[in-house]
Amino acid sequence: GENSNIQIDNIIMTKNNIALAIKDGSIANLKNISLENNNIDIALFNKKKEFKKPKLILKEINKLNKEKIFQSKNTTLIIDDKILEGKMEDGYINSIIY
């Protein structure tokens, strides 16, 4: 849901349409994650404009395909202490997912 705050350790996500979808003010911290054969590995965006931008922190991630990251502008994505900058528009990501 909106404004969720989660922490997940030790998970394998395979053959999903979207492995990780973090949106609408939510914050997620994940450690020891493996992503395999997903259509989209990460979707980080806002569906509803009234919420703050989401934040995703990943540590010890395996098999991430950076071409399968759909990250909107002004969201926070940190992978093993490196900050990645989103370049997509929320509307574009919404049009692909919904």
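Author: What follows covers a sheet, its strands, a helix and the nonpolar cores. This is a predicted model, where local features need pLDDT of at least 70, side-chain atom pairs count only at pLDDT 80 or more, and totals for chains, interfaces and linings use all residues. Residues are numbered from 1 along each chain as its sequence is written, and side-chain values use heavy atoms, with hydrogens and water left out.

Reader: Sheet first. What order do the three strands have in the open sheet?

Author: S2-S4-S6, with parallel pairing. Strands are DSSP runs of E, at least two residues, and helices are runs of H or I, at least four, numbered from the N terminus. Two strands pair if DSSP finds at least two bridges between them.

Reader: Which are the edge strands?

Author: S2 (18-23) and S6 (69-71), each pairing on one side only. The twist averages 5° from one strand to the next.

Reader: How many bridges join S2 and S4?

Author: Five, in the parallel sense. Ala21 stands opposite Ala43 of S4. On the S6 side, Ala43 has Phe70 as its bridge partner.

Reader: And how many join S4 to S6?

Author: Three, and these strands also run parallel. Ile42 stands opposite Ile69 there.

Reader: How many residues of S4 are buried?

Author: Six of its six. Buried means under 20% relative accessible area, exposed over 50%, and partly exposed in between, with a 1.4 Å probe and protein chains only.

Reader: Which helix lies across S2, S4 and S6?

Author: H1, residues 90-97, running at about 135° to S4. Axes are lines fitted to C-alpha atoms, for helices over the stretch in contact (heavy atoms within 4.5 Å). Angles run from 0 to 180 degrees between N-to-C directions.

Reader: Switching to cores. Which residues touch the most other members of the largest one?

Author: Ile42, Leu56, Leu58, Leu77 and Ile79, out of 18 residues. S3 (27-36) gives the most, with four residues. A nonpolar core is a set of buried Ala, Val, Leu, Ile, Met, Phe, Trp, Tyr and Cys residues joined through side-chain atoms within 4.5 Å.

Reader: What is Leu56 in contact with?

Author: Beyond its neighbours within four places in sequence, its contacts include Leu20, Ile22, Ile42 and Leu77. Another core lies apart, with five residues, among them Ile40, Ala43, Phe45 and Ile93.

Reader: Last one. What sits over the ring of Tyr98?

Author: The charged end of Lys47, 4.2 Å from the ring centre. The cut-offs are NZ of Lys or CZ of Arg within 6 Å of the centre and within 35 degrees of the ring normal.
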